[in-house]
Amino acid sequence: MHTKQELRQLQKQKLQAYQGPDRLAEETTLQKKLFATAQWHKANVIAVVLSTPMELNTQPIIAQAWTDDKQVVVPKIVAKQMQFVAITPQTGFVAGALNIQEPEVGTPYPPADIDLVIVPGLAYTKQGGRLGFGAGYYDRFLSTYSGHTVALALTPQLLESLPLEPHDQIIDQVITV
């Protein structure tokens, strides 16, 4: 079994190499499956990351949420804590912590008002295990979050098992192709 650090490197390489029509088709399928879930339909406020090129593209998810009159909130790192702030089509973005795009301005959104968190990661198991990027922001946030969590797993992201530790948070639902 690899250490988490080794596994992160491997997963990043796999995701960077996984490009082209197959990946685009998978992303579209995963998004359609997400939009068909009861959790999506019930949710008024959806938390989603602004994806980096290596990650599953979240722009279509954000666009669909706005089309469905949902509030979209995205992570913003403030004093080493992850908060979610609301965005609109007019929001301006800057590169924030970890060089991830985040809104220039924004008021922290109360976690209790977020209905659905789409959790990013490098790898997942069907049982909801998750390997994150190593900073711990999502595990800390999810440890006190009581709403629904979902992850969209591209084929290279789905593993049989992961080296989980007690602080690792389990995802409610992992959507696969």
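**Salt bridges up close**

Tutor: Happy to! Arginine 130 and aspartate 139 are each buried, where buried means under 20% relative accessible area, exposed over 50%, and partly exposed in between, using a 1.4 Å probe and protein chains only. These two residues form a salt bridge whose closest N and O atoms are 3.8 Å apart; the term asks for a side-chain nitrogen of Lys or Arg within 4 Å of a carboxyl oxygen of Asp or Glu. Keep in mind that this is a predicted model, in which local features need pLDDT of at least 70 and side-chain atom pairs count only at pLDDT 80 or more, while totals for chains, interfaces and linings use all residues. Residues are numbered from 1 along each chain as its sequence is written, and side-chain values use heavy atoms, with hydrogens and water left out.

Altogether the structure holds five salt bridges. In one of them, the side chains of lysine 4 and aspartate 168 meet at 2.7 Å, N to O. This pair links distant parts of the chain, 164 residues apart: lysine 4 lies in helix α1 (residues 4-17), and aspartate 168 in the loop between β9 (148-152) and β10 (173-175). Helices (H or I, at least four residues) and strands (E, at least two) are DSSP runs, numbered from the N terminus. Lysine 4 and aspartate 168 are both buried. They also belong to a network of salt bridges that links Lys4, Glu165 and Asp168.

Another salt bridge joins lysine 76 to glutamate 102, with 3.7 Å between the closest N and O atoms. Here too distant parts of the chain are linked, 26 residues apart, with lysine 76 in strand β2 (residues 71-78) and glutamate 102 in strand β5 (residues 101-103). Both lysine 76 and glutamate 102 are buried.
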